[in-house]
Amino acid sequence: MARGCLQGVKYLMFAFNLLFWLGGCGVLGVGIWLAATQGNFATLSSSFPSLSAANLLIVTGTFVMAIGFVGCIGALKENKCLLLTFFVLLLLVLLLEATIAVLFFAYTDKIDRYAQQDLKKGLHLYGTEGNVGLTNAWSIIQTDFRCCGVSNYTDWFEVYNTTRVPDSCCLEFSDSCGLHAPGTWWKAPCYETVKAWLQENLLAVGIFGLCTALVQILGLTFAMTMYCQVVKADTYCA
């Protein structure tokens, strides 16, 4: 009976981790594609230039693949050490996510102020050599969200040392339109506009976070259940 339960949990655990591993492959693939085709796309921070969308996806994908691989091998080999390692790693990830979420909500105001200051510093790197990712990211954000600058369009005046904004700030795009009168530019601040968009989609973000947590809890349950079944089977055989 114990052996039958073990086989059932074994195949469920393997299927779960195979999907986990394939998901990691997908995330890693997207990250590599972004890095190869878009440079450091979505790098907006001057303090953390390596904190780009591509790099985050590559690191996340690699880590997920590693955890999924440990889980798959642990399930197939019915190895107690690997199963426990998988459980501990997944538990640490879950605790880390929970800690980050709590700290984020506890220090929202401080994070807001720091983020705006850092983004304003990053504006000075716009259009400079070696900062293609930051330049592309600002251009896309200002065009898609119809906004200009971090707090307002005057943020760009300090960057250019004149009354000028990037062409992506223009209501109607054309070459050198950023030199025209302020009446032809978007007035909305990008930071508040993107923040408002995130708040409007907070339900979707919350559902995604909840689903992620449930998948991780399911993985923890599978791992610990199989670990206990392996221990029972070993004890029974002995």
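Reply: Just after helix 5, Arg-146 takes a positive phi of about 55°. This is a predicted model, in which local features need pLDDT of at least 70 and side-chain atom pairs count only at pLDDT 80 or more, while totals for chains, interfaces and linings use all residues. Residues are numbered from 1 along each chain as its sequence is written, and side-chain values use heavy atoms, with hydrogens and water left out.

Me: What makes a stretch count as a helix, and how many helices and strands are there in the protein chain?

Reply: Helices (H or I, at least four residues) and strands (E, at least two) are DSSP runs, numbered from the N terminus. By that rule the protein chain has 8 helices and 0 strands.

Me: How do you know what span is expected of helix 5?

Reply: The expected span of a helix is 1.5 Å times one less than its number of residues. Helix 5, residues 132–144, has 13 residues, and its reach of 18 Å from first C-alpha to last is close to the 18 Å expected.

Me: Which residues of helix 5 are called buried, and what do they pack against?

Reply: Buried means under 20% relative accessible area, with exposed being over 50% and partly exposed in between (1.4 Å probe, protein chains only). In helix 5 the buried residues include Trp-138, Ile-141 and Gln-142, and the buried residues of this helix pack against helix 4 (108–123), helix 6 (155–160) and helix 7 (190–200), where contact means heavy atoms within 4.5 Å. Of the 238 residues of the protein chain, 30% count as buried.

Me: Why are helix 2 and helix 3 called roughly antiparallel?

Reply: Axes are lines fitted to C-alpha atoms, for helices over the stretch in contact, and angles run from 0 to 180 degrees between N-to-C directions. Angles under 35 degrees count as roughly parallel, over 145 as roughly antiparallel, 65 to 115 as roughly perpendicular and the rest as oblique. The axes of helix 2 (residues 53–77) and helix 3 (residues 80–106) cross at roughly 150°, and the two helices are therefore roughly antiparallel to each other.

Me: Why are helix 4 and helix 7 called oblique instead?

Reply: Their axes come within 11 Å and cross at roughly 130°, so helix 4 and helix 7 are oblique to each other. In this pair, Ile-111, Asp-112, Ala-115, Gln-116 and Leu-119 of helix 4 meet Tyr-191, Glu-192 and Lys-195 of helix 7.
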